[in-house]
Amino acid sequence: MPHLNTAIDKIWEAIILMEEIPEPPNMGNEPPPGRRSGYFCAYHRFHGHTTNNCRNVKKIILRMIDQGKLNHFLVQQPHNLPPPPSPEGHAAGAEKGRNTCLIEVGAKEKNLYEEVPRGVEPHENPLVVKLEINPKEKEDEDEEDNMDTWVINMILIDPCSSVDFLFYHTYKTMGGRDEELIPLTYKIYGFNGTANKPKGDVTMRIPLKSISSEIVFCVVDVESPYNSLIGRPWLHGILGVASTFHQCIKFPLPQGIGVIRGDLIEGKTCHEIDVDKCEERASKRRNWKHQIQEGQRGERLIVDVVSKEGEVRNTST
């Protein structure tokens with residue numbers, strides 16, 4: 001087996017949500033009572049060995065790795081990591097002096113109707129923005145923020161999140177190394193409907209015109225159409241207010257009110273991908289539970305038949 005960053009039983013939980021796996025021919029065949037152990041295999045659904053030690057599960061994982069479906073579970077394989085959907089590159093446009101993130105300054109007061117993006121009908125799109133992120137701490141106050149700065153798009157702004165997330169594929173693309181992450185002991189719930197252990201924490205900077213705000217990212221290795229998810233910690237740090245309806249973030253700057261506009265097209269695209277993936281996972285989960293219920297129902301029928309045969313024999317004697 002190649003080096004994996006997650007236990008095999010956890011990878012198996014992800015696999016059954018990704019595609020339909022044929023049932024093993026000996027599924028549910030429990031060993032005799034005297035030979036049973038405390039070990040249980042989630043694939044064969046009987047006792048005797050663990051999922052981590054199951055040869056069949058390992059073969060399935062190897063096959064899916066060869067197909068490129070489990071690259072995010074490989075350890076230290078940068079060439080196998082999926083790149084971000086479409087980051088615009090390393091400090092794109094910085095040399096030309098133009099603001100690639102389009103942060104408006106000194107916005108005039110407008111009523112709520114004027115703040116709605118032009119030509120946009122009522123929508124339920126999330127707020128997805130583009131931000132410049134510098135992965136290095138600022139050692140000198142006079143240091144240029146454009147140095148080592150990445151322009152990252154497809155950043156989901158979620159005021160309901162109490163944690164700021166950077167997805168692992170983005171972290172690796174930015175040149176991040178695993179040994180630079182601060183280990184964490186807690187798990188994150190909510191991604192893919194399962195518990196995920198973060199890779200670690202990392203502190204970066206987001207330059208916003210004349211100010212530079214630090215942000216502590218929790219790096220997680222999960223499949224997502226986004227490059228990052230930013231929640232309350234960073235928003236509160238810049239005294240920002242986000243609105244999905246108005247598709248913007250407003251925050252105070254020394255020279256006025258700063259505004260970061262959302263990207264309606266990317267927001268709609270990412271949202272559709274996220275919904276499709278969620279429905280696909282839910283469908284696979286339902287099918288898997290149905291298969292388990294059908295197997296349990298078959299076992300009960302066999303027990304009933306055996307018990308009835310025993311009753312018939314006792315009556316005949």
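Which residue is the bridge partner of Cys 248 in β14? I looked it up, and the partner is Arg 261.

**Entry 1: ground rules.** I am working with a predicted model, where local features need pLDDT of at least 70, side-chain atom pairs count only at pLDDT 80 or more, and totals for chains, interfaces and linings use all residues. Residues are numbered from 1 along each chain as its sequence is written, and side-chain values use heavy atoms, with hydrogens and water left out.

**Entry 2: the whole chain.** I found six helices and 14 strands in the protein chain. Helices (H or I, at least four residues) and strands (E, at least two) are DSSP runs, numbered from the N terminus. The chain has 317 residues, and 38% of them count as buried. Buried means under 20% relative accessible area, with a 1.4 Å probe and protein chains only. I also checked contacts between residues at least 6 apart in sequence: 64% join residues at least 24 apart. Contact means heavy atoms within 4.5 Å.

**Entry 3: the four-stranded sheet.** I went back to the strands around Cys 248. Strand β13 (residues 248-253) and strand β14 (residues 256-261) run antiparallel and are joined by six bridges. Two strands pair if DSSP finds at least two bridges between them. An open sheet of four strands holds them, in the order β3-β14-β13-β12, with antiparallel pairing. At its edges stand β3 (103-104) and β12 (241-243), each with a single partner strand, so one side of each has no neighbour in the sheet.

**Entry 4: the six-stranded sheet.** Next I traced an open sheet with the order β4-β5-β11-β6-β10-β9 and mixed pairing. Its edges are β4 (127-133) and β9 (200-208); each has a single partner strand, so one side of each is left without a neighbour in the sheet. Neighbouring strands here are turned by 40° against each other on average, direction ignored. I followed β4 to strand β5 (residues 150-157): they pair in the antiparallel sense over six bridges. Glu 132 stands opposite Val 151 in β5.

**Entry 5: two helices.** At what angle do α1 and α2 pack? Helix α1 (residues 8-18) and helix α2 (residues 55-66) pack at about 60°, with their axes 11 Å apart. Axes are lines fitted to C-alpha atoms, for helices over the stretch in contact, and angles run from 0 to 180 degrees between N-to-C directions. I listed the contact residues: α1 gives Ile 8, Ile 11, Trp 12, Ile 15 and Met 18, and α2 gives Val 57, Lys 58, Ile 60, Ile 61 and Met 64.

Conventions
Buried < 20%, exposed > 50% of the residue type's maximum accessible area, 1.4 Å probe, protein only.
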